[in-house]
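The following paragraphs lead the reader through a single protein chain, from its overall architecture to individual residues. The sequence and the model are shown first.

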Amino acid sequence: MPIIEMHLLEGRSSEIKARVASAITEAAAESLGVSPETVRILITEHKKDEFYVAGIAGRASDRKKVTAESDIEG
């Protein structure tokens, strides 16, 4: 029984989480040769200030926006 754990920033709808869970279930079942009914997916959501990339809180895309704005201003 595969158990897959995902960590996401909060804010995605239930529909989006269901869609990704379905896609991952299908991929795991096919690649592992198991029944989709045996695939378990755990989704843990984190607030933006609980998720760090390179020591900076938030998403990488948010950091790119800040960097791009700094480049324009500077």
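**Architecture and selected residues**

Of the 74 residues of the protein, 18% count as buried. The coordinates come from a predicted model, and the description therefore begins with the overall build and the confidence of the prediction before turning to single side chains. The secondary structure comprises 2 helices and 4 strands, and from the N terminus on these elements follow the order β-α-β-β-β-α. Of the contacts in the protein with a separation of 6 or more, 64% are accounted for by residues 24 or more positions apart. The protein exposes about 5,600 Å², of which carbon and sulfur atoms supply 54%.

The average pLDDT of the protein is 87, and 80% of the residues score at least 70. Among the elements, H1 has the highest mean pLDDT, at 98, whereas helix H2 (residues 60-73) has the lowest, at 61. Where pLDDT is low, the predicted coordinates should not be read in detail.

Side chains of opposite charge can pair when their charged atoms come close. How many salt bridges does the count come to? The count comes to 1 salt bridge. In this salt bridge the side chains of glutamate 45 and lysine 17 meet, with an N to O distance of 3.1 Å. Because glutamate 45 belongs to strand E2 (residues 40-46) and lysine 17 to helix H1 (residues 14-32), the pair ties together parts that are 28 residues apart in sequence.

Are the two partners buried or exposed, or do they fall in between? Glutamate 45 is partly exposed, with a relative accessible area of 35%. Lysine 17, at 17% relative accessibility, counts as buried, because the cut-off for a buried residue is under 20%. Apart from residues up to four places away in sequence, lysine 17 touches Leu8, Arg12, Ile43 and Glu45.

Helix H1 also holds threonine 25. Threonine 25 is buried, with a relative accessible area of 17%. Its side chain reaches the backbone oxygen of alanine 21 at 2.7 Å. Not counting residues up to four places away in sequence, threonine 25 touches Pro36, Val39 and Ile41.

The loop between H1 and E2 contains valine 34. At 28% relative accessibility, valine 34 counts as partly exposed. The residues that valine 34 touches, those up to four places away in sequence being left out, are Pro2, Ala28, Ala29 and Val39. The C-alpha atoms of valine 34 and methionine 1 are separated by 7.9 Å, although the two residues are 33 residues apart along the chain.

Methionine 1 leads on to the surface. Which residues form a nonpolar patch there? Met1, Ile3 and Leu42 do so, with about 340 Å² of accessible area together. Isoleucine 3 has its place in strand E1 (residues 3-9), and leucine 42 has its place in strand E2. Isoleucine 3 counts as exposed at 55% relative accessibility, whereas leucine 42 is partly exposed, with a relative accessible area of 45%.

Most residues other than glycine have a negative phi, and most peptide bonds are trans. Alanine 54 has a positive phi of about 55° although it is not a glycine. Where does alanine 54 have its place? Alanine 54 is in the loop between strand E3 (52-53) and strand E4 (56-57). With a relative accessible area of 72%, alanine 54 is exposed.

Note on methods. Residues numbered from 1 in each chain as written. Heavy atoms only, no water. Salt bridge = Lys/Arg side-chain N within 4 Å of Asp/Glu carboxyl O. Buried < 20%, exposed > 50% of the residue type's maximum accessible area, 1.4 Å probe, protein only. Contact = heavy atoms within 4.5 Å. Patch = residues over 30% accessible without salt bridge, like charges linked within 9 Å, V, L, I, M, F, W, Y side chains within 5 Å. Areas by Shrake-Rupley, 256 points an atom, 1.4 Å probe, with all protein chains shown as cover. Polar contact = N/O pair within 3.5 Å; in protein donor to acceptor, adjacent residues only side chain to side chain. pLDDT = per-residue confidence, 0-100.
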